[in-house]
Amino acid sequence: MLRVIICVSGGGTNLQAIIDAKAAGKLENAELVRVISNKKGAYALERAEKAGIESVCVSPKDFPDREAFHEALLKTVEEAAPDLIVLAGFLVVLPKEMISRYRNRIINIHPSLIPSFCGNGYYGLKVHEAALARGVKVTGATVHFVDEGTDTGPIIIQKPVAVQEGDTPEILQRRVMEEAEWILLPEVIRLIAAGRIHVTEGRVYIK
Ligand code: GRF
């Protein structure tokens, strides 16, 4: 069984997609062992509780400095002994130590086709605002492994989504979630749990 923890900061619709996939029997080889939020009161925590998954909040506000927060976060991760860490809308820059310790075992979902509209400052609605401002006809979502950069790790899977006339950032965000994010994230977890994802020299191969 692949022990999976999910890190969240907000509404947790991607977390919900993972919970639903598990309930539907699509994640046979994965166990959802813990949800970690950096925000108290994040709705994602409620989703976890409703699904009977242990949930823990580690808020930077409860610690004197970044270092102490990072230490607590890493401890909360390690206690759960994860094989895979899923960042599902987790708005925290990870401690370097965590990235190296869990190399190619941390995945993130980004709501664009990387390398477009990614990197520092591109999160949430800003990604979709930028895509609309540039006038792209196709956007999408990407699941990638996390490395030391922002959205620079090996790309695992991508799915295109059409931009439509009259789209607002909110409408586009919703379409990207429905047509791409909520499908890709559980699918990648399933593939990893099945041992089908391999990384060689920074490139991902699905066998
Ligand atoms: C998603 O758009 C995801 O791609 C991004 O943050 C958002 C999280 O949404 N990284 P939710 O909390 O899963 O609803």
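The following paragraphs describe the overall build of a predicted model and then several of its residues.

The structure is a predicted model, in which local features need pLDDT of at least 70 and side-chain atom pairs count only at pLDDT 80 or more, while totals for chains, interfaces and linings use all residues. Residues are numbered from 1 along each chain as its sequence is written, and side-chain values use heavy atoms, with hydrogens and water left out.

The chain contains six helices and nine strands; helices (H or I, at least four residues) and strands (E, at least two) are DSSP runs, numbered from the N terminus. Its radius of gyration is 16 Å, close to the 17 Å that the globule rule gives for 207 residues, so the chain is as compact as a globular protein of that length. Here the radius is taken over C-alpha atoms, and the globule rule is 2.2 Å times the number of residues to the power 0.38. The C-alpha trace spans about 45 × 40 × 35 Å along its principal axes.

Of the 207 residues, 49% count as buried. Buried means under 20% relative accessible area, exposed means over 50%, and partly exposed lies in between (1.4 Å probe, protein chains only). The accessible surface of the chain comes to about 10200 Å², and 50% of this area belongs to carbon and sulfur atoms; the areas come from the Shrake-Rupley method with a 1.4 Å probe, and for residues only the protein chains shown count as cover. A contact means heavy atoms within 4.5 Å. Among contacts with a separation of 6 or more, 63% are between residues 24 or more positions apart.

The chain carries 25 positive and 26 negative side chains, and the centres of the two sets lie 3 Å apart. Lys and Arg count as positive and Asp and Glu as negative, whereas His and the chain ends are not counted. The place of a charge is taken as NZ of Lys, CZ of Arg, CG of Asp or CD of Glu.

A disulfide is a covalent bond between the sulfur atoms of two cysteines. With a disulfide taken as a pair of cysteine sulfur atoms within 2.5 Å, a search of the whole structure finds zero disulfides. For C57, the nearest cysteine sulfur is that of C7, 12 Å away. C57 is partly exposed, at 29% relative accessibility, whereas C118 is buried, at 18%.

Helix 4 (residues 96-101) includes E97 and M98. E97 is partly exposed, with a relative accessible area of 43%, but M98 is buried, with a value of 0%. Leaving aside residues up to four places away in sequence, M98 touches L73, L74, V77, I85 and I106. The C-alpha atoms of M98 and I114, 16 residues apart in sequence, are separated by 23 Å.

I114 is joined to P115 by a cis peptide bond, with omega about 15 degrees. P115 is placed in the loop between strand 5 (106-110) and helix 5 (125-134).

Two residues other than glycine have a positive phi: D151, near 65 degrees, and E201, about 45 degrees. D151 lies in the loop between strand 6 (138-145) and strand 7 (155-162) and is buried, with a relative accessible area of 12%. E201 belongs to the loop between strand 8 (197-200) and strand 9 (203-206) and is exposed, at 81% relative accessibility.
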